[in-house]
Amino acid sequence: FCQSLLHTVFPPELRFASLKFFHRLFGYFSTYCYYDITEIDGVNTNELYNAVQIYLSSSASISGTRLSLTRGLNSSSITYGLSNNDRLIDSYKGITVEWEHIVTQRQGQNFSWRPMPEEKRGFTLRVRKKNKHLVLDSYLDFVMEKANELRRRSQDRLLYTNSKGGSLDSRGHPWESVPFKHPSTFDTLAIDPSKKAEIMADLLDFANGESFYQKTGRAWKRGYLLYGPPGTGKSSMIAAMANYLGYDIYDLELTEVNTNSELRKLLMKTSSKSIIVIEDIDCSINLTNRNKNNNGGGDSRKNTYDLAAAPGDDGGGNSITLSGLLNFTDGLWSCCGSERIFVFTTNHIEKLDPALLRCGRMDMHIHMSYCSFAALKILLKNYLGYEEIESEEEVAAAIGAAEMTPADVSEILIKNRRDKRNAVAELTAALKVRAERNRMKSMERNGNDEAEDDEEHEKRALEFSESDHLEGNCEGFDGNEGEKLH
Ligand SMILES: Nc1ncnc2c1ncn2[C@@H]1O[C@H](COP(=O)(O)OP(=O)(O)OP(=O)(O)O)[C@@H](O)[C@H]1O
Ligand SMILES: [Mg+2]
């Protein structure tokens, strides 16, 4: 009406100014105020737009009559959304707000560094003027929070890894992501039940501990160091943690990071509710050369902490220092997000610098040990459905000395999963062979000169393994004892 009135009454040159005037007048007398949340804010994607879309999808699923359905690339569920130019009423703390989704055609493509969508989309939020402060102070935060929660619930976990050589992806992010579908959970993890319960309780306390961390003035983060021989379930434990808490995983490949500042940037680009993992921390940075540098005198603190690869080393220009890494986990920058878990894994805890191990940095040191009897029972139950086995005493007697990893055990169980009886028989035999072999090795090590006996034992062990067709497995077990192959 206003516009047709303007057309008839005002000359063209005055139309724009008078339209503006009418808008102001209308705004002044109106009891409402309006907030536009556009999809693209200048050149960047507006996070708030995405959040509102997700937030409204939860209420739209119940009340709307015409909805748009979408399914994201990384999502395994469908989300509902408002169709074009549809409205939805929402209430919050006793006030009512109205959302409208507005889609218009973009007029003429302006020059831009990246292609813009043809449609211009946005939400308009209508609120009563008297409720303006509540909306700005807390409703929009509430929407953001709720959207993040919904996103986490509807979407599969994401596994991020830092791009090769610190390069950025097309959206300027240093992390690349794929859907995280690792099926490991605390139910499938074979570790001592008491240890498992302790870890689960610790994780839960952490996830629910916002007010505790606030009250005690601590940054809301926690560090776990998982150590133990290869194949004892360190990576499986990380996956179980992520699945348990519903967190994303950032798998940090330290060898791809060149400088401390790059490391810091990576940290800044991680989201909260995530697990930041550095696997095989002892192999990622050269921990052995720091003493060499130390001999040179000068700034002792710097030298002690300098973990940079020595010249000529295969460091690939990598100049990350221990202090850089400690700052990553512990410094002021580590608090730029919240609710984050750091997990480091290593096969050789003795190689790590004490600075990395001190309390408060890595809060919990978790020893992932060889398969115990309690852990074996979990594997037998999960793989074969056995609650009990016949040769329980025999197995229990051999398992301690056998030093077999859960990976070794599960390999035997998988191989024989069609023939459960054979699985247990083969497992018992393998445990005995391993126990015997370890016993002999320790005797050798102790300088016991029962050399003739040794040969006989070896023979017996071999005969034993051959008679049970175990050659292939035993080879496999041997390989797991020594160094990791990298
Ligand atoms: N504690 C465990 N419970 C259940 N399965 C296990 C356990 N440990 C190992 N496995 C099985 O063995 C395989 C290897 O385990 P995983 O990769 O977690 O070992 P790791 O400790 O991370 O070894 P590495 O030090 O070589 O990285 C997994 O596929 C998993 O199925
Ligand atoms: Mg691993």
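**Entry 1: a loop residue**

Where is E339 found? I traced E339 to the loop between helix 12 (322–330) and strand 14 (340–346). This is a predicted model, and I kept that in mind throughout. I looked up the backbone of E339 and found phi near 50°, a positive value in a residue other than glycine.

**Entry 2: another positive phi**

I then turned to E403, which also has a positive phi, about 50°, although it is not a glycine. I placed E403 in the loop between helix 15 (392–402) and helix 16. Is E403 buried or exposed? E403 is buried, because 20 other C-beta atoms lie within 10 Å.

I checked confidence next. The mean pLDDT of the protein is 77, and 71% of its residues reach 70 or more. Among the elements, helix 5 (residues 193–207) has the highest mean pLDDT, 96, while helix 19 (residues 471–479) has the lowest, 32. I flagged residues 464–486, where pLDDT is below 50; beyond near neighbours in sequence, this stretch has 28 contacts in the model. I flagged residues 287–316 as well, with pLDDT below 50 and 35 contacts beyond near neighbours in sequence. For the model scores I wrote down ipTM 0.98 and pTM 0.68.

**Entry 3: the overall build**

I noted 19 helices and 15 strands in the protein. Buried residues make up 26% of the 486 residues. Of the contacts between residues at least 6 apart in sequence, 69% join residues at least 24 apart.

**Entry 4: around the ligand**

Which residues are closest to ligand 1? I found P230, G233, S235, P406 and A407 to be the closest, in a shell of 17 residues. Helix 7 (234–245) and helix 16 (406–415) each supply at least two residues of this shell. By class, I have 7 nonpolar, 8 polar and 2 charged residues around ligand 1. Ligand 1 lies between domain 3 (158–367) and domain 4 (373–479), because both give residues to its shell.

**Entry 5: the cores**

I looked for nonpolar cores, and the largest has 66 residues, with I238, I275, V277 and V343 making the most contacts inside it. Helix 17 (residues 420–445) gives the most to this core, 7 residues. Domain 3 (158–367) and domain 4 (373–479) each contribute at least three residues to this core. I followed I275 in particular: leaving aside residues up to four places away in sequence, I275 touches I238, M241, A242, Y247, I249, I341 and V343. Apart from this core lies another, of 14 residues, including A51, Y55, F123 and V127.

K221 lies in strand 11 (residues 221–227) and counts as buried, with 20 C-beta neighbours inside 10 Å. Its C-alpha atom is 6.6 Å from that of S338, although K221 and S338 are 117 residues apart along the chain. T104 lies in strand 7 (residues 95–105) and is exposed, with 11 other C-beta atoms within 10 Å. T104 and G122 are 18 residues apart along the chain, and 8.9 Å separates their C-alpha atoms.

Notes: Residues are numbered from 1 along each chain as its sequence is written. Chains are lettered from A and ligands numbered from 1 in the order in which they are written. This is a predicted model: local features need pLDDT of at least 70, side-chain atom pairs count only at pLDDT 80 or more; totals for chains, interfaces and linings use all residues. pLDDT is the predictor's confidence in each residue, from 0 to 100. Helices (H or I, at least four residues) and strands (E, at least two) are DSSP runs, numbered from the N terminus. Two residues are in contact if their C-beta atoms, placed from the backbone, lie within 7 Å. A residue is buried if 20 or more other C-beta atoms lie within 10 Å of its own, exposed if 12 or fewer, and partly exposed in between; C-beta atoms are placed from the backbone. A residue is near a molecule or strand if its C-beta atom, placed from the backbone, lies within 6 Å of it. Ala, Val, Leu, Ile, Met, Phe, Trp, Tyr, Cys and Pro count as nonpolar, Asp, Glu, Lys and Arg as charged, and the others, Gly among them, as polar. Domain bounds come from an automatic or database domain assignment. A nonpolar core is a set of buried Ala, Val, Leu, Ile, Met, Phe, Trp, Tyr and Cys residues joined through C-beta atoms within 7 Å.
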